[in-house]
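Student: I'd like to learn how to read a protein structure. Could we go through one together?

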Amino acid sequence: MRLTGTALWRPSSDGSQPAAWTQGSWSICDGRISTAAQPRAADEEELTGWIIPGLVDVHCHIGLGPHGPVDQETQIRQAQADRDSGVLLMRDCGSPVDTSHIQHDPTLPHLIRCGTHLSRPKRYIRGISRELATPSQLPEAVAQEAARSDGWVKIVGDWIDRSEGSESDLRPLWPGEVLRDAVAAAHESGARLTVHTFSHAAIDDLLAAGVDGIEHGSGMDDDQLSEARRQGVVITPTLCQIELFESFAQAADGKFARYAQTMRTLYEGRHDHYERLFDSGVHLLPGTDAGGYQDHGSLPAELARWHAAGLPPAKILDIATWQARDALGYPSLYDGAPADCVVYEADPRADITELSRPVAVILGGTRVA
């Protein structure tokens with residue numbers, strides 16, 4: 001296979017230089033991409049266009065559907081939907097089932113597993129998390145999930161506490177000292193800890209504990225964003241999910257009035273939050289939260305929301321490809337790298353919605369979609 005056009009290409013494999021848009025011609029042989037000229041075969045496929053490293057979705061849930069766990073056949077369809085959208089690397093950010101079989105299928109995206117969400121009883125969506133009877137169990141549970149995951153563990157940092165009736169609201173699940181021990185347990189196990197959180201109240205303890213990632217982060221203020229930037233915490237904002245907060249508020253109206261108001265306030269302030277988030281300089285990673293309220297294969301729609309919120313397409317492409325791959329320890333496109341890339345007919349820097357129209361998806365040197 002031969003590719004010609006403009007690629008988001010890295011000049012070396014050592015990560016010392018950023019990727020840059022580069023015109024040229026590339027050969028794909030034995031699953032690798034190279035600038036070296038190769039003899040042309042009579043039936044060689046040649047593609048022309050704009051070429052990027054495979055997109056990355058760091059917050060999806062293979063194995064989870066709108067009504068709970070799904071079977072292996074459905075899991076494969078979920079991964080295929082992600083792949084067909086141009087996502088060739090994904091972090092399964094908490095799953096109630098074993099999804100490791102996806103890793104053995106060369107036609108499916110590379111998968112990083114986080115194990116199962118860790119939560120408290122009645123403090124998360126029923127049936128999809130590992131519920132711990134007491135907060136003190138968290139560090140040991142984190143070490144256990146680290147042993148069965150691929151270097152990441154996911155915990156639930158806040159959720160509605162329904163025991164307070166109409167005063168029920170988002171509340172942190174874990175004391176600060178337990179969080180510090182949990183982060184230490186993850187790091188001692190060679191893993192990183194990322195945390196679901198919608199609220200403002202949970203963030204200070206998470207940052208003080210030294211967590212590695214924050215999922216959603218919809219309640220973060222400027223001081224918290226500044227501290228997250230200082231610490232190098234990666235944040236996955238999931239804008240499509242935040243757009244659902246008004247529907248969450250409507251579902252809670254009447255029975256859980258305070259929670260409904262919290263979610264409505266977050267929803268009404270979302271555009272200001274997006275602006276402050278993107279201006280803060282924090283390390284952003286792209287994610288969809290697919291598997292529950294969002295469909296798999298929706299990363300192009302998520303990134304279109306990033307652009308609508310003010311981020312330039314060129315910056316979005318950097319974050320969603322080589323920068324996200326750097327953060328997860330996976331290669332992008334350089335001489336001799338695995339040929340995991342997506343080809344577009346038009347320049348996605350000119351129109352971010354071009355990401356929803358790939359001409360070809362190439363995984364390990366094979367055109368898979």
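Student: How do the residues of the lining of the largest pocket divide into nonpolar, polar and charged?

Tutor: Keep in mind that this is a predicted model. To read a lining, sort its residues by type. Here you get 16 nonpolar, 11 polar and 6 charged residues.

Student: How much space lies in that largest pocket, and which residues are closest to its centre?

Tutor: The space comes to about 830 Å³. The lining has 33 residues, and those closest to the centre are Tyr 124, Ile 125, Trp 159, Arg 162 and Tyr 293.

Student: Okay, now the inside. Which residues touch the most other members of the largest nonpolar core?

Tutor: For a core, look for buried nonpolar residues whose side chains are joined up. The largest one here has 85 residues, and Leu 138, Val 142, Ile 155, Met 263 and Trp 306 touch the most other members. Helix 3, residues 176-188, gives the most to this core, with 6 residues. There's also a second, separate core of 17 residues, including Ile 33, Leu 47, Val 343 and Ile 362.

Student: Let's pick Met 263. What is it in contact with, leaving aside neighbours within four places in sequence?

Tutor: Skipping those neighbours shows you contacts from further along the chain. Met 263 is in contact with Leu 170, Phe 198, Phe 245, Phe 248 and Ala 249.

Student: How many disulfides does the count come to?

Tutor: You check whether two cysteine sulfurs lie within 2.5 Å. The count here is 0. Take Cys 60: its nearest cysteine sulfur belongs to Cys 93, 8.2 Å away.

Student: Is Cys 341 buried or exposed?

Tutor: Relative accessibility tells you, and under 20% means buried. Cys 341 has 0%, so it counts as buried. Cys 60 is also at 0%, so Cys 60 counts as buried too.

Student: What about Ala 147, buried or exposed?

Tutor: For exposed, the value must be over 50%. Ala 147 has a relative accessible area of 70%, so it is exposed. You'll find Ala 147 in helix 2, residues 138-147.

Student: How far apart are Ala 147 and Gln 261 in space?

Tutor: Compare sequence and space. These two are 114 residues apart in sequence and 39 Å apart from C-alpha to C-alpha.

Terms used:
Residues numbered from 1 in each chain as written. Predicted model: local features only at pLDDT ≥ 70, side-chain atom pairs only at ≥ 80, totals over all residues. Heavy atoms only, no water. Buried < 20%, exposed > 50% of the residue type's maximum accessible area, 1.4 Å probe, protein only. 1 Å grid on protein atoms, 1.4 Å probe; cavity = no way out; pocket = protein on both sides within 12 Å on 5 of 7 lines; lining within 4 Å. Points joined across faces, edges and corners; volume = space filled by probe spheres on them. Nonpolar A, V, L, I, M, F, W, Y, C, P; charged D, E, K, R; others polar. Core = buried A, V, L, I, M, F, W, Y, C linked by side-chain atoms within 4.5 Å. Helix = DSSP H or I, 4+ residues; strand = E, 2+ residues; numbered from the N terminus. Contact = heavy atoms within 4.5 Å.
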